[in-house]
Amino acid sequence: PGATSFTVSGLNPGVTYYFVIRAQDEAGNKDTNTNEMSATTLIGSDVIHPVFGGVESAMPNSPTEITLTWPPASDNASAASRIVYLVYMSTTPGGENFAAPSFATLPGAASFTVSGLNPGVTYYFVIRAQDEAGNKDTNTIEKSATTLFIDLFPDNVTVTNFIRFDVDNSGNMAANNVQVYIQDSDGYSIYCNFYTVTVPPGGSVHLSHYAGYTPMTYTIRIDPRNLISETDETNNVSCRRSFCTTPPSLSSCSAAAP
């Protein structure tokens, strides 16, 4: 009785509340005014971090990009559209530095593409949600992905009157229109065969070239002009005898070959 103010407690931070106050006498009679006032509780008093399930997936898009996705976080004060996500990245499992995020998203984001990465490298990620008051969740859920890459090399080479071998791709990205040259010699002339193959990720293509004799020397060249970007450009040649020290130029092959 006789009060001129009242403090409403137990409210949520960052929420707008609307009020109408009416007077009541000792007989229980109340006035009927509809004067309304509103106020928004301070966000700075929010000390509760968002509820967040962590990163859901990490998928490579290219040799330099990985896209991360996650379900939305919820918070006692900040709307989902106002929550920021902090991305922590490492090249070793559990190596994220939680003192400083690698990236921060726009508010309300549900995915983020990390760019500027190196091909064929495995990256590890933890994502945490941050509300408008700066409270962050502390999840340690980690996902990893390896950026796309190609690495071609000759394998399982056997030489009789046939030159047989596999073109292997140890990468996680298909290699399309790969040029393969086989140059062999009986000591008098140089013979050349040209092939174009597509090698699936983690797969191989078998090639067999009939020489009609046991070649004294040979060289196998995969992607000789480096038209395909690989993580290792030094393992694309297999040779025998003199071709290992003085390999013939590609001009010895047919003019029809690229």
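1. Strand 1 (16–20) and strand 2 (36–40) each supply at least two residues to the lining of the largest pocket. Strands here are DSSP runs (E, at least two residues), numbered from the N terminus. The model is predicted: local features need pLDDT of at least 70, side-chain atom pairs count only at pLDDT 80 or more, and totals for chains, interfaces and linings use all residues. Residues are numbered from 1 along each chain as its sequence is written, and side-chain values use heavy atoms, with hydrogens and water left out.

2. The largest pocket holds about 270 Å³ of space. A pocket is an open set of points on a 1 Å grid over the protein atoms alone, where a 1.4 Å probe fits, with protein on both sides within 12 Å along at least five of seven lines; lining residues have an atom within 4 Å of a point. The volume is the space filled by probe spheres set on the points, which are joined across faces, edges and corners. Among the lining residues are Phe 6, Leu 11, Tyr 17, Phe 19 and Thr 41. By class, the lining has eight nonpolar, four polar and no charged residues. In this scheme Ala, Val, Leu, Ile, Met, Phe, Trp, Tyr, Cys and Pro count as nonpolar, Asp, Glu, Lys and Arg as charged, and the others, Gly among them, as polar.

3. Tyr 17 is found in strand 1 and is one of the residues lining the largest pocket. Tyr 17 is partly exposed, with a relative accessible area of 22%; buried means under 20%, exposed over 50% and partly exposed in between (1.4 Å probe, protein chains only). Not counting residues up to four places away in sequence, Tyr 17 touches Leu 11, Asn 12, Met 37, Ser 38, Ala 39 and Thr 41, contact being heavy atoms within 4.5 Å.

4. How many salt bridges does the structure hold? There is one salt bridge, a term for a side-chain nitrogen of Lys or Arg within 4 Å of a carboxyl oxygen of Asp or Glu. The side chains of Arg 82 and Glu 132 form the pair (3.4 Å, N to O). Arg 82 lies in the loop between strand 4 (65–69) and strand 5 (84–90), and Glu 132, 50 residues apart from it, in the loop between strand 8 (122–130) and strand 9 (142–146). Arg 82 is partly exposed at 45%, and Glu 132 is partly exposed at 38%.

5. The largest nonpolar core has 18 residues, of which Phe 52, Ile 66, Leu 68, Trp 70, Tyr 85, Phe 125 and Ile 127 touch the most other members. Such a core is a set of buried Ala, Val, Leu, Ile, Met, Phe, Trp, Tyr and Cys residues joined through side-chain atoms within 4.5 Å. Strand 8 gives the largest share of this core, four residues. Apart from this core lies another, of 17 residues, among them Ile 150, Ile 182, Val 205 and Ile 228.

6. Is Thr 219 buried or exposed? Thr 219, in strand 15 (residues 217–222), is buried, with a relative accessible area of 0%. Its contacts beyond four places in sequence include Tyr 181, Val 237 and Phe 243.
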